[in-house]
Amino acid sequence: MNKVFLWGGLRPAAGGAEFVEIEALTIRELLRKLAERHPKLETLIDSEIAVSINGTIYQDDWSKKIPKDAEIYLLPRIEGG
Amino acid sequence: MGKDTQLTDRVFKSVGTRPMRPDGIDKVTGRARYGADHNMSGQLHGSILRSPHAHASIKSIDTSKAEKLKGVKAIVTAKDFKTKGITDPDLLDIIDNCMASKKAFYDGHAVAAVAAVDAKTAKAALKLIKVEYKILKHVTDVDEAVQPKAPLLNNKCFTKGVDPTPDKASNIAKRSEFGHGDVAEGFEAADVVIERTFKTGQSHQGYIEPHACVASVGPDGTGELWVCTQGHFVFRQQCAKILGLDEAKLKVTSSEIGGGFGGKTHLWVEPVALALSRKANRPVKLVMSREEVFRASGPTSATSIDIKMGVTKDGVITAAEAELRYTSGPYAGSWATLGAMTSFACYDLKNVKTVGLEVLVNRPKTTAYRAPSAPMAAFAVESMIDELADRIGMKAIDMRIQNAAKEGTRSSYGPVYGPIGIGPTLDAAKKHPHMSAPLGPNQGRGMACGFWFNFGGQSCTDLNIGSDGTATITVGTIDVGGARASLALVVAEELGIPYDQVKAVIADTTALGYNEMTDGSRGTFASSMSAIQSCRMAIADMRQRAATLWEIDVDEVVWENGHAYAGESGLNDSNSNHPPLSIADLAKSADKTGGPIAGHAQIVADGAGVSFATHICDIEVDPETGQTRVVRYTVIQDAGKAVHPTYVEGQFQGGAAQGIGWALNEEYIYGEDGRLQNAGFLDYRIPVCSDLPMIDTQILEIPNPNHPYGIRGVGETSIVPPLAAIGNAVSNATQVRMTHVPMSPPRILAAIHAEAASDD
Amino acid sequence: MSVLVSSIINGDNIEFACEPDETLLDALRDRVGMTGVKEGCGTGDCGACSITLDGALVCSCLVLGAEAEGRSIETVEGMSDGNVLHPLQQKFLEHAALQCGICTPGFLIAAKSLLEKNNDPTEEEVRYALAGNLCRCTGYDKIVRAVLDAAKQMRKA
């Protein structure tokens, strides 16, 4: 089971929770299960989310494996100059 | 030779050296071709009509007289841009910004465009276009825009990120929140708590080359676009959607780029040029004037930041809280979000909360500017750190060191850090001779830290080996400041051949898979990761070829120093019957061993390492005029691994200089009428050569564990600390806390006088 | 109504036709094909279009094409001596005094003009001589070093 922390902007769409617990092997599975559980998150997941796994930020790669008990943090996608 | 100890114990041969850049000769002889240096046969001159009003409804546009003018070949307005079927709100905003539909949202907003046989005719035609406006009340100031009675830009703007969504429209497009712990509890535990409000003016990236493109679209929907851009693949994708073209049929070629710094990540005139070309069935060249660049291409946000921080008398920061209000122009953005994420990222905080508010105003659409949004937040935070340290009688650098984030710290934006460089940059700053050098009269020293995320993203590269063994590395992430030199070094390193036998080129969109823009400091990080994979694919192939030639098993072929060696013992096997084969040897027989030697990679370059910097500066302030002089400046930054140290230094120096300009001078100035008053380099004054001292640099190398060579992006972080470093230096020189950037002479003088008055 | 202009550009006799109100910058770029002369502002503020006109450093955006009649023009295209780079060009490359390179032609011309008048400038003299040329990439550090180094080499020669 992974603890998935949500940044402040996502919490309203997930009923105010600071984190949710989800079991997932890949980023794809994680995001799919998250959207199933909290449908309001779906549009945000499609366009606005990056996933941090143990401190490393993954913005696009859904195939990325999630290690057991890894800390997951969802944060906004980052733009740069 | 640099040594990468933490990662691989590898001794680099090419990486870490400082050869001349491959595109250098073209750039010192005038041969390099930039956006405006290209022409197509039969090309027309494109020109854009812009709103003179800050906020106005467009009642009607009459182009009939202009159309009748001899030499006018096409006119477009918003009616020529079909938005039906486009659902992406960001793309809809881009279209509306390129050509205003219902309203002109700022002074300079495009309302119509003309393509004519020459510039004179185009200009005359613009004068014949009649636009009927209904002028509306405008708002340009960020704090005025959030007031309940402020003029509304968009009556359908209901603040996102608030639950429940408000039923009353406002200029606050989005609210975002970050942090952890309990700030109220944290402030209880503090011995000293300070609250302040900081403001920063709106600055522009100020690239010297104005936006320029040549567009050509035929009646069969096949098109070409030559353009100065930070991302030609992104431009292709967006332009194809806007124009309703097939991506494969739109070839976008990136010219040499005369600076971007974020400003050329965005479409401003390119879809307009394409639309004009399609309508006229002739190529159209469209070049922005400098005035247009200022009025109508995206600057950074103007900001207003409320901040509160608490510290114990021993120097432990117990709580930190900020509300950051960032302008985003007339359309929603994520600029305050980035400010809220980066603000406290340098520190290890138990209790932290940041709230970002995206504020709509009648200014041009905000665009990324080098570490977008971080410098303004750092100005507030780093100014507060100095003041808190002063209040508890501690040296500011010691308080920074004591509270610095480290590996394992939960960052203020959420994730836990891996190995990071904030501590080492501070330690280096403390030891730096600059910190202990004597100061003259009216001089003050300031320091500040800065953070940027960095980014990687989609990358695609090709490696091709010529019949003589030389290598071409083809990338699709454009080179803004010397990336081709860095990539040639990386390929030379990986293949084991000399740097001058590698040529790095940027492909157009027909020649390579999708690559993201050169933004987020990703150019060298992401392209090198992909280039290394391309090399490794070619090396695997070359080992196989050597095995074929030697009639041995591929497992017995060892690759070292650009050669294939036979035998299990590899390199030093003097008993081997087979002399080693170089890449040139293998290339010679390529036709017999499987055809051309090549490698390819398509990757998502995730795992960009976060970046930290510490800056030190000395400022002299004339107490009678408020005039400032930068006396000395030092940049210390973590590069992960500096591929071409001279260009890394260049990034450090360039970012610092831009930050210095922002801190002391640069600002959009609006009149009561909401019109921009300083749309030119004379009045929007960026630093000139005589304004600056030499900028000293110190490169630290704390390898990024996610990159094969430990590389981190280096392009952006250097602009983050200067606002605060200079603010602290001015404050130390004048004994007055500076809270408003730019710290222009009148503002400094006013602050000194206000302080004197309050002392009386 | 075009005017016909004869001038000496980088040592060669060149004739071009331009409009009476056309800037020398536009004439050089669009009529003569010298696109090494860059436009950054069109108002004489950035120096990207710097050339010399009868030896005087000018912004070509502030001069009319017609004013070039009978006069001698030097642009970045004429700086090298055959296939040997001018010491300033060489030093700009060695010191990495350019990143994007759009301002480089103007800086080279302005620096050459300085060194012709003063072959041993101080850092401060270099900084003031180049204050009419804007660079947004480098922070000027490496440009100043390149000019000082080129001056040193040229004094030895």
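Two residues are taken to be in contact if their C-beta atoms, placed from the backbone, lie within 7 Å. On this basis, among the contacts in chain A of this predicted model that link residues at least 6 apart in sequence, 51% join residues at least 24 apart. Chain A holds 2 helices and 5 strands, and these elements follow one another from the N terminus in the order β-β-α-α-β-β-β. The radius of gyration of chain A is 12 Å, close to the 12 Å that the globule rule gives for 81 residues, so chain A is as compact as a globular protein of that length. Along the principal axes, the C-alpha atoms of chain A fill a box of roughly 35 × 25 × 20 Å, and buried residues account for 42% of the 81 residues.

For chain B, the mean pLDDT is 95, with 98% of the residues reaching 70 or more. Residues 1–6 of chain B have a pLDDT below 50, although this stretch has 15 contacts in the model beyond near neighbours in sequence. Where pLDDT is low, the predicted coordinates should not be read in detail.

Within chain B, an open sheet of 3 strands is arranged in the order β6-β4-β8, with antiparallel pairing. The edge strands of this sheet are β6 (103–104) and β8 (130–135) of chain B, each of which pairs on one side only. Strand β4 (residues 56–62) of chain B is joined to β6(B) by 2 bridges, the two strands running antiparallel; B:Ala56 has B:Ala104 of β6(B) as its bridge partner.

Helix α8 (residues 270–280) of chain B is mostly covered, with 10 of its 11 residues buried. The buried residues of α8(B) include the charged side chains of B:Glu270 and B:Arg278, and among the others are B:Val272, B:Leu274 and B:Leu276. The helix α8(B) is followed by B:Asn281, whose phi is positive, near 55°.

Between chains, 42 residues of chain C are in contact with 41 residues of chain B. The elements that contribute two or more residues to the side of chain C that touches chain B are α2 (87–94), α3 (104–117), α4 (123–129) and α5 (141–156) of chain C. Of these, α2(C) gives the most, with 4 residues. The residues on this side of chain C divide into 21 nonpolar, 13 polar and 8 charged.

How values were computed: Residues are numbered from 1 along each chain as its sequence is written. Chains are lettered from A and ligands numbered from 1 in the order in which they are written. This is a predicted model: local features need pLDDT of at least 70, side-chain atom pairs count only at pLDDT 80 or more; totals for chains, interfaces and linings use all residues. The radius of gyration is taken over C-alpha atoms; the globule rule is 2.2 Å times the number of residues to the power 0.38. A residue is buried if 20 or more other C-beta atoms lie within 10 Å of its own, exposed if 12 or fewer, and partly exposed in between; C-beta atoms are placed from the backbone. Two strands pair if DSSP finds at least two bridges between them. pLDDT is the predictor's confidence in each residue, from 0 to 100.
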